[in-house]
Protein chains: 2
Amino acid sequence: MRLHGFFRSGASYRVRIALAMKGLPFEQTSYVLRKGEQRAPAYLKMNPQGLVPALELDDGTVLTQSIAILEWLEETHPQNPMLPKDPLERARVRAFALAVACDIHPVQNLLVLNAVRAIGQTDAQVNEWARRVNAEGLDACEAMIAHVPGPFCFGDQPTMADICLIPQLVNARRFGCDVSGWTRLLQAEAACMALPCFAQSVPELQPDAE
Amino acid sequence: MRLHGFFRSGASYRVRIALAMKGLPFEQTSYVLRKGEQRAPAYLKMNPQGLVPALELDDGTVLTQSIAILEWLEETHPQNPMLPKDPLERARVRAFALAVACDIHPVQNLLVLNAVRAIGQTDAQVNEWARRVNAEGLDACEAMIAHVPGPFCFGDQPTMADICLIPQLVNARRFGCDVSGWTRLLQAEAACMALPCFAQSVPELQPDAE
């Protein structure tokens, strides 16, 4: 399999963790987002959205949208599950994952930040937009699991919730959020980072890290 | 079951369609979003994100995030499936649904439009932001299914993809998009609107419609 992504893309990071968790080897092709390489015609043929990541299977089939890729990996490679078995627990894990994937990540990605800059905002104001989106979003995430037993987001095994949380915490720190109040999120992060599948997937260890 | 939502909320609309498709009766509680009713303390206890929809089950259990609710409905009420059986086809349907739910809807919802207004944009400029997000996002959606047989987004049965598309087309028109070029999306819309589960779920037929 080949992951088309970028070391700093949070959505690519999710898929790296999931592939590692499932024990699946993969190669990477890198697209420098700020140069718009993900909008080149050859890539748009694979993914008309012009967004990373895309997962290319060995037969050339291309899957897009990180959460859809995670669900596909879970359905086709059931070892080391990313979702619990009980439907209600699955719904809770997915709700947390989607709170990150829908309501935080896309509102602070490069496309939106460029649009905010294009309507006359300074670099500092653009950063403040991204900081606020992360702070408000992760405040809600902290509340969603405040009373759920850990150490991971949902119990004693990492799930899709942790796979979405960990990359978002990287962004939150990058944009200057004070993360210290998110004690439950930090507990989950510490538990995750002790696992090789998370530790080897961090942006700075990827071949295209700058 | 009780759906906590708002007639004009696209994410609430998705859940209305899915409940109708599964043949499940439900009551509705309405939250006027522009008055911030979804941020009242009683609602935040149910959903710390302060967003609609939330689905309250008869035992008081509350589910949040529309896509997580759809997945839960699919797992617990398998009749009239919203996803195909084949994992690759499921991945394609989910990718389309998430292209709407992650990359269009949250970037043009009331929260973000209020934030755009707060950084000094006029009503016309705010509308242009929303129009552009819908236009670019639905252009990509059109490309994603341009060569997929219809009449629905993916074949001869409606799926989660249609359930996400139909409410987004309502928004696209509201913000002034020229929808006429999206021939494949319009074909899917026409097929959907001929079905009672879609037709009865439109915003203007809900009890809280203004």
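Student: Which residue does Arg94(A) form a salt bridge with, and how far apart are the closest N and O atoms?

Tutor: Keep in mind that this is a predicted model. The partner of Arg94(A) is Glu71(A), with the closest N and O atoms 2.7 Å apart.

Student: How is chain A divided into domains?

Tutor: Domain 1 of chain A takes in 2–80 + 198–205, and domain 2 covers 87–196. Taken over C-alpha atoms, the centres of these two domains of chain A are separated by 19 Å.

Student: How many salt bridges are counted between domain 1 and domain 2 of chain A?

Tutor: The count between those two domains is one salt bridge. For polar contacts, the count between domain 1 and domain 2 of chain A is six residue pairs, both residues being at pLDDT 80 or more.

Student: Which elements supply the domain 1 side of that boundary in chain A?

Tutor: α1 (10–21), α3 (66–76) and α9 (196–199) of chain A each supply at least two residues there. α1(A) gives the most, with seven residues. By type, the side of domain 1 that touches domain 2 in chain A divides into 12 nonpolar, two polar and five charged residues.

Student: And how many residues are in contact between the two domains of chain A?

Tutor: 19 residues of domain 1 of chain A are in contact with 19 residues of domain 2 of chain A. The area buried between these domains is about 1,800 Å², and carbon and sulfur atoms give 72% of that.

Student: OK, on to the two chains. What is the buried area between chain B and chain A?

Tutor: About 3,300 Å² is buried between chain B and chain A, with carbon and sulfur atoms giving 69%. In terms of residues, 39 of chain B are in contact with 39 of chain A.

Student: How many salt bridges are found across the interface of chain B and chain A?

Tutor: The rule finds six salt bridges across the interface of chain B and chain A. One involves Glu71(A) again: the side chain of Arg94(B) meets that of Glu71(A) at 3.8 Å, N to O.

Student: What about polar contacts across the interface of chain B and chain A?

Tutor: There the rule finds eight residue pairs in polar contact, both residues at pLDDT 80 or more.

Student: Which parts of chain B supply the side that touches chain A?

Tutor: β4 (62–64), α3 (66–76), α4 (87–101), α5 (110–118) and α6 (123–145) of chain B each supply at least two residues of it. The largest share, 10 residues, comes from α4(B). The side of chain B that touches chain A divides into 26 nonpolar, six polar and seven charged residues.

Student: Why do the copies meet through the same surface?

Tutor: Because 100% of the interface residues of chain B are also interface residues in chain A.

Student: New topic. How many salt bridges are there over all chains?

Tutor: A search of the whole structure finds 22. Among them is the pair Lys22(B) and Glu74(B), whose side chains meet at 2.8 Å, N to O. This pair links distant parts of the chain, 52 residues apart: Lys22(B) is in the loop between α1 (10–21) and β2 (27–30) of chain B, while Glu74(B) is in helix α3 of chain B.

Note on methods. Residues numbered from 1 in each chain as written. Chains lettered and ligands numbered in written order. Predicted model: local features only at pLDDT ≥ 70, side-chain atom pairs only at ≥ 80, totals over all residues. Heavy atoms only, no water. Contact = heavy atoms within 4.5 Å. Buried area = accessible area lost by both parts, 1.4 Å probe. Salt bridge = Lys/Arg side-chain N within 4 Å of Asp/Glu carboxyl O. Polar contact = N/O pair within 3.5 Å; in protein donor to acceptor, adjacent residues only side chain to side chain. Helix = DSSP H or I, 4+ residues; strand = E, 2+ residues; numbered from the N terminus. Nonpolar A, V, L, I, M, F, W, Y, C, P; charged D, E, K, R; others polar. Domains from an automatic or database assignment.
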